[in-house]
Amino acid sequence: MIPKYFYIFGEKIKISRLKEVCKGTAYGQWVESNNKIEIAKTVYKDPINDEQQEQAYFHELVHCLLQNIGEPDLCSDEVFVDKMGKALHQALKTSQY
């Protein structure tokens, strides 16, 4: 469920899967200056399973989307971002086509 990249408003957003993300215990981070979402494969050398990596991706995706639509206050609201990320993940993961 984690793509290599996507476009929003004509900007390419790259997704990198890293051994570890540089912010301590973070599972992921949105790097606005580089148009990049980084997802950790491990935290403190403990592996992060696929489900956790997907949830981290959707959390960071919400940060990215909110920043790009000009909603910095919502982007800074970690509770809101986490709930939206989990809701998107569940909706897409359980979708039937």
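**View 1. Asn 35 and the residues it touches.** Skipping residues up to four places away in sequence, Asn 35 touches Glu 11, Lys 12, Ile 13, Lys 14 and Trp 30; contact here means heavy atoms within 4.5 Å. The model is predicted, so local features need pLDDT of at least 70 and side-chain atom pairs count only at pLDDT 80 or more, while totals for chains, interfaces and linings use all residues. Numbering starts from 1 along each chain as its sequence is written, and side-chain values use heavy atoms, with hydrogens and water left out. The side chains of Asn 35 and Glu 11 also make a polar contact (3.1 Å), that is, a pair of N or O atoms within 3.5 Å, one able to donate a hydrogen and the other to accept it, with residues adjacent in sequence counting only if both atoms are side-chain atoms.

**View 2. The hairpin of β3 and β4.** Four residues sit between these two strands, and Asn 35 in the turn has a positive phi of about 50 degrees. The strands pair antiparallel over four bridges (pairing takes at least two DSSP bridges; strands are DSSP E runs of at least two residues, helices H or I runs of at least four, numbered from the N terminus). Val 31 has Lys 36 as its bridge partner in β4.

**View 3. The largest nonpolar core.** This core has 13 residues, and Phe 6, Ile 13 and Cys 64 are among those with the most contacts inside it. A nonpolar core joins buried Ala, Val, Leu, Ile, Met, Phe, Trp, Tyr and Cys residues through side-chain atoms within 4.5 Å; buried means under 20% relative accessible area (1.4 Å probe, protein chains only). Helix α1 gives the most, with five residues.

Definitions and conventions. Buried means under 20% relative accessible area, exposed over 50%, partly exposed in between (1.4 Å probe, protein chains only).
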